[in-house]
Amino acid sequence: MKLLTKTNQIYLAFSLVVYLFAGLAFYQVVRFLIYKEVESRLRVERLDFESYIKTHKSWSDTTYFVENKIDVDPVGARAQQPETFSDTLIQNRYDSERMPFRQLTFYTPIQGKLHRVAIRKSLIQSYQLIEVITVTMAACLGVLLLGTFWFQGKLSGRLWHPFYETLSRIKRFNLASTTPLQLDKPEINEFRELNEVLRKMGDKMQQDYRSLKEFTENASHEIQTPLALINAKVEQLIQSEKLTETQTRWIEDIYQASRRMARLNQGLLLLAKIENQQFTNNQTVDLAGLLTEKLEDMEEVLNHKQLLVDVKNEKPFEVQLPVPLAESLVTNLVNNAIKHNHPEGRVELRSDGEQLWLGNTGSPLTTDPERLFERFKKEGASPDSVGLGLAIIREICENYGLQVRYEEQNGWHRFCISRKAEEVG
Amino acid sequence: MKVLVVEDEKGLAESITDYMSKEGYLCETASTFREADERIYLYDYDCVIVDLTLPDGNGFQLIETLKKLLTTTGVIIISARNALEDKIRGLEIGSDDYLTKPFHLSELNARVKSLIRRRNFGGHTEIRFREIVVNPSARKVYVNGQLTVLSRKEYDLLLYFLSNIDVVLTKVSIAEHLWGDNIDSADSLDMVYSHIKNLRRKLLEKGGSDYLRSVYGIGYKFGES
């Protein structure tokens, strides 16, 4: 439910209750005032009546010709009773309508005899007054209610506009982008503060996100120098003539480990850079052509492992990639095809313009194919492999509108690269 | 030959200096930008090895100053950043080579030698070791005056050895020199072995002495002893 709908609902319900009570209270107050007025007039009339009796010593109905105005009835000797007010309905003289009256009843002796005197005053005008007042008030309140309702709607819409604007901006805010969260400075303090706080939070989040991303990169950079140092020292150490065989083996191990770490580090660095989108110079490159070239470059290795290469490029497979990444993609694909091949195996390259396959023969997978592209997933326990090659391939593909798929069939392992659906056409 | 090593990591600078000194270079080190800046104003160097990230400045700036002062000085950048932009920028402002850390000292040495050769003689110089003569501009090798036909890799291998006489070169460093960083090491080490075997055979066939020796199984050494 929208905030404005909710406030309107609450406002409406509350207003209705308040108006109802206000109406009732108003009615009561008006009634009370009218009764008070009527009663005070009746009291005055009683005084008039009593002074009339005092001067004339008797009572005649003729004095009052207004109907039902006064009733004077002799009553038996009774104890003095106090005056009482009461409501009563009395039949009209001309039609059968019953009219509301207010009646003051008191007992007074006339010519020595106790009489009950009832003086009445019609309430019909007062009731009409109450009716008119009630209707007018209801109408006014209704109009007021509708008016305030409409006004409230308009006002809230306007007042809350900065809020909704902020909300939509936050929705569009992208943590990974470099553009900061831009929010207006509304004149309302609370919204301005809200925007201020959000902007600060956004900046902080972006900054944290950036530093987190940069951390990998910086860490990798920092690691390179100590690695260079280890390498250099080992290289110096092996120049020494007085090494035993065991020592040499240790040194060799240190050396290998440091090289591996360097490669690992470079792989992570590359991944971080791709993730950070630090490669920007997209160019049209023909991956099929590049792969063919790479396979030619690797001829020596291929010959060494006695691998047979079969290239069938019907059409070039052109993609938009930064050159270093295209290079890395191709190198990793080819290295992978060679590394996991068995001697006298085969490598095949196919391209039909829409898809690109690089397949190699090799022993069946032991790991889950789904997890093949994860970092540090190694097929076999090869100490030389750092397990980042396929992760790099996937990262490159995903960041540049390509998708890579792995399939295994009849002892063949194939990597298929194709354009993502929305990129086609 | 005077070489200035600008590197803030003292241990690494020391290793480079030691290695280069053995090759007969006069090596000096500077560990800060200011120190390096001062030195290039005061002295002339044949080659300067510059680390790009210095605690108090940027290596690029140093190269720019250097190129303004003395254009013939060769510049090799050593950097932890393997960024194409850095390499391009380095070349644009006049550096000659770019090595990414971690590198092999032997590789650095080979690069320095090749650089100095190119600088001093415009590439038209012969490299001599005993009966072996290499003409780098024509990429031809003579043993006892006889032309010896080597494959491209064998030639590169020989030149790498000739740049690092009497130094143990690790198999990994040889593999990376020949095929670059991206080579898968398990296969490349075997290939190094076969190339070395072929090179040795070809040199021996022309009556050369056997200068190649395997050392501890970790690498190879080319030299008289």
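Contact here means heavy atoms within 4.5 Å. The model is predicted, with local features requiring pLDDT of at least 70 and side-chain atom pairs pLDDT 80 or more, whereas totals for chains, interfaces and linings use all residues. Residues are numbered from 1 along each chain as its sequence is written, chains are lettered from A in the order in which they are written, and side-chain values use heavy atoms, without hydrogens and water.

**View 1. The interface of chain A and chain B.** In chain A, 39 residues are in contact with 42 residues of chain B. The two chains bury about 3500 Å² between them, 53% of it on carbon and sulfur atoms; buried area is the accessible area (1.4 Å probe) lost by two parts on being put together, summed over both.

**View 2. A salt bridge between Glu176(B) and Arg259(A).** Their side chains meet at 2.3 Å, N to O. Two salt bridges are found across the interface of chain A and chain B (a side-chain nitrogen of Lys or Arg within 4 Å of a carboxyl oxygen of Asp or Glu).

**View 3. The buried side of helix α6(A), residues 287-297.** Helices are DSSP runs (H or I) of at least four residues, numbered from the N terminus. The buried residues (under 20% relative accessible area, 1.4 Å probe, protein chains only) are Leu287(A), Ala288(A), Leu291(A), Thr292(A), Lys294(A) and Leu295(A). They lie on the same side of α6(A) because they cover an arc of only 165 degrees around the axis, taken from the directions from the helix axis to the C-beta atoms. The face turned away from this side carries Glu296(A) and Asp297(A), which are exposed (over 50%).

Technical notes: Helix = DSSP H or I, 4+ residues; strand = E, 2+ residues; numbered from the N terminus.
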